[in-house]
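Reader: I am new to this structure and would like to learn how to read it. Please take me through it feature by feature.

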Amino acid sequence: MIRHEQFYANGKWVDSTATEFIDIVNPATEELIGQVARGTSADVDTAAAAAFGAFGEWSTSTVADRVDVLRSLADIIERNGDEVTDSIVAEIGQPRAWAQKASTQTTIDDLRNFADALPTVVWEEQVGTANVRRLPVGVVGAITAWNGPIRSVCLKAGAAIAAGCTVVLKSSEVAPLTPFLLAKYTEEAGLPAGVLNIVTGTGPEVGEAITLHPDIDMVSLTGSVRAGSRVMELASRSVKRVALELGGKSANIILADADLEKAIAGGIEDAFRNSGQACGALTRILVPRDRVADAERVAAAKAESFVVGDPVDPSTHLGPLANRAQYDRVRSHIGRALDEGVRLVTGGLDRPDGLGEKGFYVRPTVFTGTNQDRIAREEVFGPVVVIIPFDDEADAVRIANDSDYGLAGGVWAGDLEKARSVATRIRTGRVRINGAPIDMRAPHGGLKLSGIGREMGRHGIEDYLEYQSVHG
(Lines give C-alpha, C1' and ligand atoms only; values in the text may rest on other atoms or scores of the structure.)
Protein backbone atom coordinates (compact mmCIF):
# COMPACT_ATOMS: atom_id res chain seq x y z
CA MET A 1 0.00 0.00 0.00
CA ILE A 2 1.21 3.48 -0.88
CA ARG A 3 1.01 6.08 1.90
CA HIS A 4 1.73 9.75 1.25
CA GLU A 5 2.09 11.77 4.44
CA GLN A 6 3.64 14.69 2.59
CA PHE A 7 2.73 17.14 -0.15
CA TYR A 8 4.95 18.67 -2.81
CA ALA A 9 6.00 22.33 -2.60
CA ASN A 10 8.99 24.31 -3.83
CA GLY A 11 10.60 21.21 -5.32
CA LYS A 12 10.54 19.27 -2.04
CA TRP A 13 8.33 16.84 -0.15
CA VAL A 14 6.93 18.64 2.88
CA ASP A 15 5.24 17.10 5.93
CA SER A 16 1.52 17.84 5.81
CA THR A 17 -0.18 19.43 8.78
CA ALA A 18 -3.02 16.95 8.22
CA THR A 19 -4.23 14.81 11.11
CA GLU A 20 -6.36 12.55 8.91
CA PHE A 21 -5.82 10.53 5.75
CA ILE A 22 -7.93 9.75 2.68
CA ASP A 23 -8.25 6.11 1.66
CA ILE A 24 -7.69 5.15 -1.98
CA VAL A 25 -9.64 2.04 -3.02
CA ASN A 26 -9.13 -0.10 -6.11
CA PRO A 27 -12.61 -0.04 -7.73
CA ALA A 28 -12.21 -3.49 -9.29
CA THR A 29 -11.38 -5.28 -6.03
CA GLU A 30 -12.58 -2.79 -3.37
CA GLU A 31 -9.20 -3.24 -1.68
CA LEU A 32 -7.34 -0.39 0.00
CA ILE A 33 -4.32 0.48 -2.15
CA GLY A 34 -3.18 3.77 -0.69
CA GLN A 35 -3.66 6.72 1.61
CA VAL A 36 -2.88 10.40 1.18
CA ALA A 37 -2.88 13.25 3.64
CA ARG A 38 -6.17 15.09 4.01
CA GLY A 39 -4.52 18.44 3.41
CA THR A 40 -5.27 21.68 5.20
CA SER A 41 -5.36 25.39 4.48
CA ALA A 42 -1.90 25.61 6.07
CA ASP A 43 -0.61 23.21 3.41
CA VAL A 44 -2.16 25.45 0.76
CA ASP A 45 -0.42 28.46 2.30
CA THR A 46 2.94 26.71 1.95
CA ALA A 47 2.26 25.68 -1.65
CA ALA A 48 0.95 29.11 -2.62
CA ALA A 49 3.99 30.81 -1.11
CA ALA A 50 6.23 28.56 -3.20
CA ALA A 51 4.25 29.31 -6.38
CA PHE A 52 4.23 33.04 -5.64
CA GLY A 53 7.98 33.02 -5.04
CA ALA A 54 8.70 31.16 -8.28
CA PHE A 55 6.41 33.29 -10.45
CA GLY A 56 8.79 36.22 -11.04
CA GLU A 57 11.50 34.11 -12.66
CA TRP A 58 9.23 31.65 -14.52
CA SER A 59 6.96 34.38 -15.91
CA THR A 60 9.97 35.96 -17.61
CA SER A 61 11.39 32.70 -18.96
CA THR A 62 11.66 32.46 -22.72
CA VAL A 63 9.19 30.67 -24.95
CA ALA A 64 12.04 28.41 -26.05
CA ASP A 65 12.81 27.42 -22.46
CA ARG A 66 9.16 26.54 -21.81
CA VAL A 67 8.93 24.57 -25.04
CA ASP A 68 11.99 22.57 -23.97
CA VAL A 69 10.44 21.75 -20.59
CA LEU A 70 7.12 20.68 -22.13
CA ARG A 71 8.81 18.45 -24.71
CA SER A 72 11.09 16.95 -22.07
CA LEU A 73 8.14 16.26 -19.77
CA ALA A 74 6.25 14.54 -22.60
CA ASP A 75 9.30 12.37 -23.35
CA ILE A 76 9.71 11.41 -19.69
CA ILE A 77 6.05 10.41 -19.35
CA GLU A 78 6.42 8.37 -22.53
CA ARG A 79 9.44 6.54 -21.10
CA ASN A 80 7.52 5.88 -17.89
CA GLY A 81 4.25 5.06 -19.62
CA ASP A 82 3.76 1.69 -17.93
CA GLU A 83 4.13 3.25 -14.47
CA VAL A 84 1.54 5.91 -15.30
CA THR A 85 -0.90 3.50 -16.94
CA ASP A 86 -0.69 0.95 -14.10
CA SER A 87 -1.41 3.69 -11.58
CA ILE A 88 -4.49 4.87 -13.51
CA VAL A 89 -5.83 1.31 -13.78
CA ALA A 90 -5.41 0.73 -10.06
CA GLU A 91 -6.96 4.06 -9.03
CA ILE A 92 -10.01 4.37 -11.28
CA GLY A 93 -10.37 1.00 -13.00
CA GLN A 94 -9.86 2.06 -16.61
CA PRO A 95 -9.20 -1.00 -18.81
CA ARG A 96 -5.46 -1.06 -19.34
CA ALA A 97 -5.46 -0.70 -23.12
CA TRP A 98 -7.84 2.26 -22.89
CA ALA A 99 -5.85 3.87 -20.07
CA GLN A 100 -2.67 3.64 -22.10
CA LYS A 101 -4.28 5.12 -25.21
CA ALA A 102 -6.76 7.67 -23.88
CA SER A 103 -5.00 8.76 -20.68
CA THR A 104 -1.25 8.21 -20.88
CA GLN A 105 -0.65 8.69 -24.62
CA THR A 106 -3.18 11.51 -24.97
CA THR A 107 -1.48 13.36 -22.11
CA ILE A 108 1.84 13.03 -23.94
CA ASP A 109 0.19 14.35 -27.10
CA ASP A 110 -1.40 17.26 -25.20
CA LEU A 111 1.98 18.37 -23.84
CA ARG A 112 3.54 18.19 -27.30
CA ASN A 113 0.59 20.15 -28.70
CA PHE A 114 1.22 22.86 -26.11
CA ALA A 115 4.88 22.93 -27.09
CA ASP A 116 3.96 23.24 -30.78
CA ALA A 117 1.37 25.93 -30.10
CA LEU A 118 3.41 28.09 -27.75
CA PRO A 119 5.42 29.91 -30.46
CA THR A 120 2.19 30.64 -32.38
CA VAL A 121 0.74 32.76 -29.58
CA VAL A 122 0.84 36.45 -30.48
CA TRP A 123 2.88 37.62 -27.51
CA GLU A 124 3.22 41.23 -28.67
CA GLU A 125 1.58 43.38 -31.34
CA GLN A 126 1.26 47.01 -32.24
CA VAL A 127 -2.30 48.38 -32.08
CA GLY A 128 -2.26 51.97 -33.23
CA THR A 129 0.22 53.75 -31.00
CA ALA A 130 -0.02 51.10 -28.24
CA ASN A 131 2.11 48.03 -27.73
CA VAL A 132 -0.20 45.17 -26.66
CA ARG A 133 1.47 42.33 -24.78
CA ARG A 134 0.27 38.97 -23.47
CA LEU A 135 1.16 38.33 -19.83
CA PRO A 136 0.78 35.20 -17.67
CA VAL A 137 -2.21 35.60 -15.38
CA GLY A 138 -0.15 34.75 -12.27
CA VAL A 139 -0.42 31.90 -9.78
CA VAL A 140 -3.02 29.36 -10.91
CA GLY A 141 -5.00 27.09 -8.63
CA ALA A 142 -5.77 23.91 -10.58
CA ILE A 143 -8.51 21.64 -9.23
CA THR A 144 -8.68 18.50 -11.32
CA ALA A 145 -10.99 15.56 -11.96
CA TRP A 146 -10.71 11.89 -11.04
CA ASN A 147 -11.83 10.58 -14.43
CA GLY A 148 -8.55 11.83 -15.97
CA PRO A 149 -5.96 11.41 -13.21
CA ILE A 150 -3.05 12.62 -15.35
CA ARG A 151 -4.70 14.15 -18.42
CA SER A 152 -6.90 16.54 -16.44
CA VAL A 153 -3.81 17.65 -14.50
CA CYS A 154 -1.66 18.23 -17.58
CA LEU A 155 -4.39 20.02 -19.53
CA LYS A 156 -4.43 22.63 -16.76
CA ALA A 157 -0.91 22.61 -15.34
CA GLY A 158 0.70 22.07 -18.74
CA ALA A 159 -1.15 25.00 -20.31
CA ALA A 160 -0.58 27.26 -17.30
CA ILE A 161 3.13 26.45 -17.18
CA ALA A 162 3.35 27.05 -20.94
CA ALA A 163 1.80 30.48 -20.39
CA GLY A 164 4.44 31.35 -17.80
CA CYS A 165 2.23 30.80 -14.75
CA THR A 166 3.03 28.84 -11.61
CA VAL A 167 0.60 26.28 -10.23
CA VAL A 168 -0.92 25.03 -6.99
CA LEU A 169 -2.57 21.73 -7.88
CA LYS A 170 -5.29 19.96 -5.95
CA SER A 171 -5.69 16.58 -7.57
CA SER A 172 -8.89 14.64 -6.98
CA GLU A 173 -9.05 12.83 -3.66
CA VAL A 174 -10.42 9.82 -5.57
CA ALA A 175 -7.28 9.47 -7.71
CA PRO A 176 -4.37 11.40 -6.15
CA LEU A 177 -1.60 8.83 -6.58
CA THR A 178 -1.05 9.26 -10.33
CA PRO A 179 -0.58 13.06 -10.15
CA PHE A 180 2.16 12.59 -7.55
CA LEU A 181 4.23 10.88 -10.26
CA LEU A 182 4.42 14.26 -12.00
CA ALA A 183 6.54 15.68 -9.19
CA LYS A 184 9.56 13.55 -10.10
CA TYR A 185 8.85 13.82 -13.83
CA THR A 186 8.81 17.64 -13.78
CA GLU A 187 12.03 17.72 -11.76
CA GLU A 188 13.70 15.53 -14.36
CA ALA A 189 12.30 17.76 -17.12
CA GLY A 190 14.05 20.77 -15.60
CA LEU A 191 11.04 22.64 -14.25
CA PRO A 192 12.28 25.07 -11.58
CA ALA A 193 11.28 24.50 -7.96
CA GLY A 194 7.98 26.13 -7.03
CA VAL A 195 6.49 26.21 -10.52
CA LEU A 196 4.38 23.09 -9.80
CA ASN A 197 3.12 22.36 -6.28
CA ILE A 198 0.74 19.54 -5.31
CA VAL A 199 -1.57 19.38 -2.29
CA THR A 200 -3.97 16.51 -1.61
CA GLY A 201 -7.30 16.89 0.14
CA THR A 202 -11.00 17.48 -0.27
CA GLY A 203 -12.82 20.22 -2.12
CA PRO A 204 -14.37 21.89 0.94
CA GLU A 205 -10.99 22.06 2.65
CA VAL A 206 -8.14 22.31 0.12
CA GLY A 207 -10.20 23.36 -2.92
CA GLU A 208 -11.86 26.24 -1.09
CA ALA A 209 -8.58 27.31 0.50
CA ILE A 210 -7.04 27.53 -2.98
CA THR A 211 -9.99 29.50 -4.33
CA LEU A 212 -9.89 32.01 -1.48
CA HIS A 213 -6.12 32.36 -1.25
CA PRO A 214 -4.95 35.97 -1.80
CA ASP A 215 -1.76 34.88 -3.64
CA ILE A 216 -3.66 32.78 -6.19
CA ASP A 217 -4.82 34.82 -9.19
CA MET A 218 -6.93 32.32 -11.12
CA VAL A 219 -8.71 29.02 -10.44
CA SER A 220 -9.28 26.37 -13.09
CA LEU A 221 -11.59 23.50 -12.16
CA THR A 222 -12.85 20.37 -13.87
CA GLY A 223 -15.75 18.89 -11.96
CA SER A 224 -19.44 19.04 -11.24
CA VAL A 225 -21.73 22.01 -11.78
CA ARG A 226 -22.12 22.27 -8.01
CA ALA A 227 -18.33 22.46 -7.55
CA GLY A 228 -18.02 24.99 -10.37
CA SER A 229 -20.73 27.16 -8.90
CA ARG A 230 -19.00 27.09 -5.52
CA VAL A 231 -15.67 28.09 -7.06
CA MET A 232 -17.34 31.01 -8.87
CA GLU A 233 -19.01 32.13 -5.65
CA LEU A 234 -15.80 32.09 -3.63
CA ALA A 235 -13.60 33.50 -6.41
CA SER A 236 -15.96 36.45 -6.82
CA ARG A 237 -14.97 37.73 -3.39
CA SER A 238 -11.57 38.72 -4.75
CA VAL A 239 -12.65 38.97 -8.42
CA LYS A 240 -10.46 36.04 -9.45
CA ARG A 241 -10.45 34.70 -12.98
CA VAL A 242 -12.06 31.27 -13.26
CA ALA A 243 -12.04 28.56 -15.91
CA LEU A 244 -14.60 25.79 -15.50
CA GLU A 245 -14.93 22.51 -17.40
CA LEU A 246 -18.13 21.03 -16.03
CA GLY A 247 -20.76 18.47 -17.00
CA GLY A 248 -22.64 17.53 -20.12
CA LYS A 249 -25.70 15.76 -21.47
CA SER A 250 -24.72 15.68 -25.10
CA ALA A 251 -27.00 14.75 -27.99
CA ASN A 252 -26.10 12.53 -30.91
CA ILE A 253 -28.45 13.48 -33.77
CA ILE A 254 -28.97 10.72 -36.34
CA LEU A 255 -30.73 12.19 -39.38
CA ALA A 256 -32.99 10.19 -41.67
CA ASP A 257 -30.37 9.67 -44.40
CA ALA A 258 -27.64 8.51 -41.98
CA ASP A 259 -26.28 4.98 -41.70
CA LEU A 260 -28.28 4.13 -38.57
CA GLU A 261 -26.24 1.11 -37.49
CA LYS A 262 -22.92 2.88 -37.87
CA ALA A 263 -24.22 6.03 -36.15
CA ILE A 264 -25.64 4.22 -33.15
CA ALA A 265 -22.61 1.96 -32.77
CA GLY A 266 -20.25 4.94 -32.99
CA GLY A 267 -22.37 7.00 -30.63
CA ILE A 268 -22.55 4.29 -27.98
CA GLU A 269 -18.81 3.72 -28.19
CA ASP A 270 -18.40 7.43 -27.45
CA ALA A 271 -20.97 7.36 -24.64
CA PHE A 272 -19.47 4.31 -22.93
CA ARG A 273 -15.80 5.31 -23.06
CA ASN A 274 -14.24 5.22 -19.61
CA SER A 275 -17.36 3.31 -18.49
CA GLY A 276 -19.44 6.37 -19.35
CA GLN A 277 -17.41 8.59 -17.02
CA ALA A 278 -16.74 11.27 -19.62
CA CYS A 279 -18.15 14.78 -19.50
CA GLY A 280 -18.56 15.00 -23.29
CA ALA A 281 -20.17 11.56 -23.72
CA LEU A 282 -23.01 11.42 -26.28
CA THR A 283 -25.63 10.10 -23.87
CA ARG A 284 -28.78 11.22 -25.73
CA ILE A 285 -29.39 9.35 -29.01
CA LEU A 286 -31.83 11.31 -31.20
CA VAL A 287 -33.44 9.26 -34.00
CA PRO A 288 -36.34 9.75 -36.44
CA ARG A 289 -39.58 8.65 -34.81
CA ASP A 290 -40.22 5.94 -37.41
CA ARG A 291 -36.77 4.41 -36.76
CA VAL A 292 -37.06 3.96 -32.97
CA ALA A 293 -37.56 0.18 -33.14
CA ASP A 294 -34.53 -0.20 -35.40
CA ALA A 295 -32.51 2.06 -33.12
CA GLU A 296 -33.44 0.00 -30.07
CA ARG A 297 -32.40 -3.23 -31.79
CA VAL A 298 -29.03 -1.84 -32.86
CA ALA A 299 -28.37 -0.12 -29.53
CA ALA A 300 -29.22 -3.23 -27.52
CA ALA A 301 -26.90 -5.38 -29.63
CA LYS A 302 -24.07 -2.85 -29.32
CA ALA A 303 -24.48 -2.38 -25.57
CA GLU A 304 -24.64 -6.12 -24.96
CA SER A 305 -21.45 -6.64 -26.99
CA PHE A 306 -19.31 -4.80 -24.42
CA VAL A 307 -17.31 -7.07 -22.12
CA VAL A 308 -17.50 -5.73 -18.56
CA GLY A 309 -14.80 -6.99 -16.25
CA ASP A 310 -11.36 -6.84 -14.71
CA PRO A 311 -9.52 -3.79 -16.12
CA VAL A 312 -6.24 -5.70 -16.39
CA ASP A 313 -7.86 -8.38 -18.60
CA PRO A 314 -7.09 -7.54 -22.27
CA SER A 315 -10.59 -8.70 -23.31
CA THR A 316 -12.34 -6.13 -21.10
CA HIS A 317 -14.08 -3.18 -22.76
CA LEU A 318 -15.64 -1.57 -19.66
CA GLY A 319 -14.11 -1.59 -16.22
CA PRO A 320 -15.79 -0.67 -12.94
CA LEU A 321 -16.99 2.79 -12.02
CA ALA A 322 -14.32 4.71 -10.18
CA ASN A 323 -15.61 4.56 -6.61
CA ARG A 324 -18.48 3.52 -4.35
CA ALA A 325 -20.18 6.93 -4.42
CA GLN A 326 -20.18 6.95 -8.23
CA TYR A 327 -21.49 3.37 -8.34
CA ASP A 328 -24.36 4.22 -5.99
CA ARG A 329 -25.13 7.40 -7.92
CA VAL A 330 -25.35 5.72 -11.33
CA ARG A 331 -27.51 2.90 -9.95
CA SER A 332 -29.83 5.45 -8.35
CA HIS A 333 -30.31 7.13 -11.75
CA ILE A 334 -31.13 3.77 -13.36
CA GLY A 335 -33.48 2.79 -10.54
CA ARG A 336 -35.34 6.08 -10.64
CA ALA A 337 -35.82 5.85 -14.41
CA LEU A 338 -37.28 2.38 -13.98
CA ASP A 339 -39.58 3.61 -11.20
CA GLU A 340 -40.72 6.48 -13.43
CA GLY A 341 -41.69 4.06 -16.20
CA VAL A 342 -38.99 4.93 -18.74
CA ARG A 343 -38.72 2.06 -21.23
CA LEU A 344 -35.71 -0.19 -20.55
CA VAL A 345 -34.16 -1.56 -23.74
CA THR A 346 -31.25 -3.44 -22.16
CA GLY A 347 -29.19 -3.41 -18.98
CA GLY A 348 -30.70 -2.27 -15.70
CA LEU A 349 -29.80 -2.79 -12.07
CA ASP A 350 -28.59 -6.39 -12.21
CA ARG A 351 -24.82 -6.82 -11.90
CA PRO A 352 -22.98 -7.88 -15.05
CA ASP A 353 -22.69 -11.65 -15.35
CA GLY A 354 -19.78 -13.55 -13.86
CA LEU A 355 -18.28 -10.78 -11.72
CA GLY A 356 -19.30 -11.85 -8.25
CA GLU A 357 -20.04 -9.30 -5.55
CA LYS A 358 -16.79 -7.30 -5.53
CA GLY A 359 -16.09 -4.29 -7.70
CA PHE A 360 -18.18 -1.28 -8.74
CA TYR A 361 -19.49 -2.80 -11.96
CA VAL A 362 -22.63 -1.59 -13.76
CA ARG A 363 -24.39 -3.24 -16.68
CA PRO A 364 -24.38 -1.14 -19.92
CA THR A 365 -27.89 0.31 -20.06
CA VAL A 366 -30.11 1.73 -22.80
CA PHE A 367 -33.49 3.43 -22.26
CA THR A 368 -36.02 4.87 -24.69
CA GLY A 369 -37.83 7.94 -23.46
CA THR A 370 -38.52 11.61 -23.98
CA ASN A 371 -36.30 14.63 -23.49
CA GLN A 372 -38.33 15.52 -20.42
CA ASP A 373 -37.41 12.35 -18.53
CA ARG A 374 -34.88 12.99 -15.77
CA ILE A 375 -32.60 10.31 -17.21
CA ALA A 376 -32.44 12.49 -20.35
CA ARG A 377 -31.80 15.74 -18.51
CA GLU A 378 -29.40 14.90 -15.67
CA GLU A 379 -25.78 13.86 -16.10
CA VAL A 380 -25.47 10.21 -15.08
CA PHE A 381 -21.71 9.76 -15.62
CA GLY A 382 -21.98 6.05 -16.24
CA PRO A 383 -22.67 3.62 -19.13
CA VAL A 384 -26.25 4.76 -19.64
CA VAL A 385 -27.85 6.26 -22.78
CA VAL A 386 -31.41 7.21 -23.71
CA ILE A 387 -32.94 7.01 -27.19
CA ILE A 388 -35.22 9.97 -27.95
CA PRO A 389 -37.42 10.21 -31.08
CA PHE A 390 -37.74 13.39 -33.15
CA ASP A 391 -40.19 14.40 -35.89
CA ASP A 392 -37.96 16.34 -38.30
CA GLU A 393 -34.62 18.13 -38.51
CA ALA A 394 -35.87 21.25 -36.72
CA ASP A 395 -37.30 19.11 -33.93
CA ALA A 396 -33.96 17.30 -33.58
CA VAL A 397 -32.10 20.60 -33.19
CA ARG A 398 -34.71 21.83 -30.68
CA ILE A 399 -34.35 18.69 -28.56
CA ALA A 400 -30.54 18.80 -28.71
CA ASN A 401 -30.56 22.41 -27.49
CA ASP A 402 -33.23 21.77 -24.85
CA SER A 403 -30.65 21.05 -22.16
CA ASP A 404 -29.04 22.94 -19.31
CA TYR A 405 -25.70 21.75 -20.68
CA GLY A 406 -23.76 22.66 -23.81
CA LEU A 407 -20.51 20.72 -23.96
CA ALA A 408 -20.56 18.38 -26.96
CA GLY A 409 -22.72 16.93 -29.69
CA GLY A 410 -22.78 14.69 -32.70
CA VAL A 411 -24.53 14.78 -36.08
CA TRP A 412 -24.79 11.85 -38.49
CA ALA A 413 -26.08 12.27 -42.04
CA GLY A 414 -25.52 10.96 -45.55
CA ASP A 415 -25.40 14.55 -46.80
CA LEU A 416 -22.26 16.10 -45.30
CA GLU A 417 -23.35 19.69 -45.96
CA LYS A 418 -26.65 19.07 -44.22
CA ALA A 419 -24.79 17.61 -41.25
CA ARG A 420 -22.57 20.70 -41.07
CA SER A 421 -25.60 22.97 -41.29
CA VAL A 422 -27.23 21.18 -38.37
CA ALA A 423 -23.97 21.28 -36.40
CA THR A 424 -23.84 25.08 -36.60
CA ARG A 425 -27.29 25.26 -34.99
CA ILE A 426 -26.34 23.18 -31.95
CA ARG A 427 -25.44 25.28 -28.90
CA THR A 428 -22.41 23.32 -27.70
CA GLY A 429 -18.69 23.87 -27.57
CA ARG A 430 -17.90 20.88 -29.77
CA VAL A 431 -19.73 18.92 -32.48
CA ARG A 432 -18.47 15.80 -34.25
CA ILE A 433 -19.85 14.97 -37.69
CA ASN A 434 -20.25 11.32 -38.70
CA GLY A 435 -17.97 10.20 -35.89
CA ALA A 436 -15.01 12.31 -36.99
CA PRO A 437 -12.05 12.02 -34.59
CA ILE A 438 -11.37 14.93 -32.25
CA ASP A 439 -8.39 17.07 -33.21
CA MET A 440 -6.72 17.67 -29.84
CA ARG A 441 -5.25 20.96 -31.08
CA ALA A 442 -8.75 22.49 -31.27
CA PRO A 443 -10.37 24.07 -28.19
CA HIS A 444 -12.51 22.04 -25.81
CA GLY A 445 -15.08 23.58 -23.48
CA GLY A 446 -18.75 24.29 -23.08
CA LEU A 447 -21.65 26.69 -23.01
CA LYS A 448 -24.37 27.11 -20.38
CA LEU A 449 -23.84 24.87 -17.33
CA SER A 450 -20.98 23.09 -19.08
CA GLY A 451 -18.58 25.82 -18.09
CA ILE A 452 -16.40 28.80 -18.95
CA GLY A 453 -13.16 28.87 -20.90
CA ARG A 454 -11.35 26.45 -23.19
CA GLU A 455 -8.70 23.77 -22.89
CA MET A 456 -6.26 22.08 -25.33
CA GLY A 457 -3.76 23.52 -27.78
CA ARG A 458 -3.13 27.25 -28.29
CA HIS A 459 -6.57 28.21 -26.97
CA GLY A 460 -5.85 26.34 -23.75
CA ILE A 461 -2.64 28.31 -23.23
CA GLU A 462 -4.40 31.61 -23.97
CA ASP A 463 -6.88 30.92 -21.15
CA TYR A 464 -4.00 31.63 -18.76
CA LEU A 465 -2.91 34.91 -20.35
CA GLU A 466 -3.91 38.53 -19.77
CA TYR A 467 -3.48 41.60 -22.00
CA GLN A 468 -1.31 44.59 -21.16
CA SER A 469 -1.36 47.78 -23.27
CA VAL A 470 1.76 49.97 -23.16
CA HIS A 471 1.22 53.50 -24.48
CA GLY A 472 4.02 55.84 -25.43
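Reader: How many helices and strands does the protein chain have?

Author: Helices (H or I, at least four residues) and strands (E, at least two) are DSSP runs, numbered from the N terminus. In this case the protein chain has 15 helices and 23 strands. The model is a predicted one, in which local features need pLDDT of at least 70 and side-chain atom pairs count only at pLDDT 80 or more, while totals for chains, interfaces and linings use all residues. Residues are numbered from 1 along each chain as its sequence is written, and side-chain values use heavy atoms, with hydrogens and water left out.

Reader: What share of the residues of the protein chain count as buried?

Author: Buried means under 20% relative accessible area, exposed over 50%, and partly exposed in between (1.4 Å probe, protein chains only). Of the 472 residues of the protein chain, 57% are buried. Contacts are another thing to read; a contact means heavy atoms within 4.5 Å. Among the contacts in the protein chain with a separation of 6 or more, 71% are between residues 24 or more positions apart.

Reader: How many cavities of 30 Å³ or more does the structure hold?

Author: On a 1 Å grid over the protein atoms alone, a cavity is a set of points where a 1.4 Å probe fits but cannot get out, and lining residues have an atom within 4 Å of a point. Grid points are joined across faces, edges and corners, and a volume is the space filled by probe spheres set on the points. The structure has five cavities of 30 Å³ or more, and the largest cavity holds about 90 Å³ of space.

Reader: Which elements give two or more residues to the lining of the largest cavity?

Author: They are helix H2 (63-79), helix H5 (151-163) and helix H6 (177-189). H5 gives the largest share, four residues. The lining includes Val69, Cys154, Ala157 and Thr186. As for classes, Ala, Val, Leu, Ile, Met, Phe, Trp, Tyr, Cys and Pro count as nonpolar, Asp, Glu, Lys and Arg as charged, and the others, Gly among them, as polar. The lining has 10 nonpolar, two polar and no charged residues.

Reader: Is Asn197 buried or exposed?

Author: Asn197 has 0% relative accessibility, so Asn197 counts as buried. Asn197 is in strand E10 (residues 196-199). Leaving aside neighbours within four places in sequence, the contacts of Asn197 include Tyr8, Ala47 and Val167. The side chain of Asn197 also reaches the backbone oxygen of Gly194 at 2.8 Å.

Reader: With which side chain does the side chain of Glu466 make a polar contact?

Author: A polar contact is a pair of N or O atoms within 3.5 Å; within protein, one must be able to donate a hydrogen and the other to accept it, and residues adjacent in sequence count only if both atoms are side-chain atoms. The partner of Glu466 is the side chain of Arg241, at 2.9 Å. Glu466 lies in strand E23 (residues 465-471) and is partly exposed, with a relative accessible area of 32%.

Reader: Which side chains are joined to that of Arg3 by polar contacts?

Author: One is the side chain of Glu5, at 2.8 Å. Another is that of Gln35, at 2.4 Å. Arg3 is found in strand E1 (residues 2-4) and is partly exposed at 40% relative accessibility.

Reader: What is the phi of Lys448 and of Met456?

Author: Most residues other than glycine have a negative phi. Lys448, in strand E21 (residues 447-448), has a positive phi of about 55 degrees. Met456 has a positive phi near 85 degrees, and its place is in the loop between strand E22 (451-452) and helix H15 (457-462). Lys448 is partly exposed, with a relative accessible area of 41%, whereas Met456 is buried, with 4%.

Note on methods:
1 Å grid on protein atoms, 1.4 Å probe; cavity = no way out; pocket = protein on both sides within 12 Å on 5 of 7 lines; lining within 4 Å.
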